[in-house]
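Please look over the sequence and the model shown here before reading the notes on helix packing and on the pocket.

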Amino acid sequence: IAATNRVDLLDEAFISRCAVREEFKPFSDGEKRAMVEKFLSSVNMSITESEMTAIIKESSQRDIMNSLVQCIAEQIEKNVE
């Protein structure tokens, strides 16, 4: 099993040995929203619509999750004070 986001840097001989190739395209805004909502549901948290809009505008799924976790951490910190 192999994965890369830079197939252009891989050796053609290596690529030819890969029996199955699957491309994963970036999420649409709707898919990003669904991912965020599913995560929030799994941790029993919620965010405002404006926070949701700001988070799903992130370009990558990694950035979305980083922003989401930061938002949740800020909520938790406010509730502890």
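α2 passes α3 in a right-handed crossing (the near helix is turned clockwise from the far one by less than a right angle). This is a predicted model, in which local features need pLDDT of at least 70 and side-chain atom pairs count only at pLDDT 80 or more, while totals for chains, interfaces and linings use all residues. Residues are numbered from 1 along each chain as its sequence is written, and side-chain values use heavy atoms, with hydrogens and water left out.

**α2 with α3**
- Helix α2 (residues 29-42) and helix α3 (residues 49-56) pack at an angle of about 125°, with their axes 10 Å apart.
- The contact (heavy atoms within 4.5 Å) involves Asp29, Lys32, Arg33, Val36, Glu37 and Leu40 of α2, together with Glu49, Met52, Thr53, Ile55 and Ile56 of α3.
- The residues of this contact of α2 with α3 comprise 5 nonpolar, 1 polar and 5 charged.

**α2 with α4**
- Helix α4 (residues 61-80) packs with α2 at an angle of about 40°, their axes lying 11 Å apart, which makes α2 oblique to α4.
- The crossing of α2 and α4 is right-handed, and its contact joins Lys32, Met35, Val36, Phe39 and Leu40 of α2 to Gln61, Ile64, Met65, Leu68 and Ile72 of α4.
- The residues of the contact of α2 with α4 divide into 8 nonpolar, 1 polar and 1 charged.

**Largest pocket**
- The volume of the largest pocket is about 580 Å³, where a pocket is an open set of points on a 1 Å grid where a 1.4 Å probe fits, with protein on both sides within 12 Å along at least five of seven lines.
- Of the 16 residues that line the largest pocket, Ala2, Ala3, Thr4, Arg21 and Glu22 are the closest to its centre, lining residues being those with an atom within 4 Å of a point.

Terms used:
Grid points are joined across faces, edges and corners, and a volume is the space filled by probe spheres set on the points. Axes are lines fitted to C-alpha atoms, for helices over the stretch in contact, and angles run from 0 to 180 degrees between N-to-C directions. Helices (H or I, at least four residues) and strands (E, at least two) are DSSP runs, numbered from the N terminus. Ala, Val, Leu, Ile, Met, Phe, Trp, Tyr, Cys and Pro count as nonpolar, Asp, Glu, Lys and Arg as charged, and the others, Gly among them, as polar. Angles under 35 degrees count as roughly parallel, over 145 as roughly antiparallel, 65 to 115 as roughly perpendicular and the rest as oblique.
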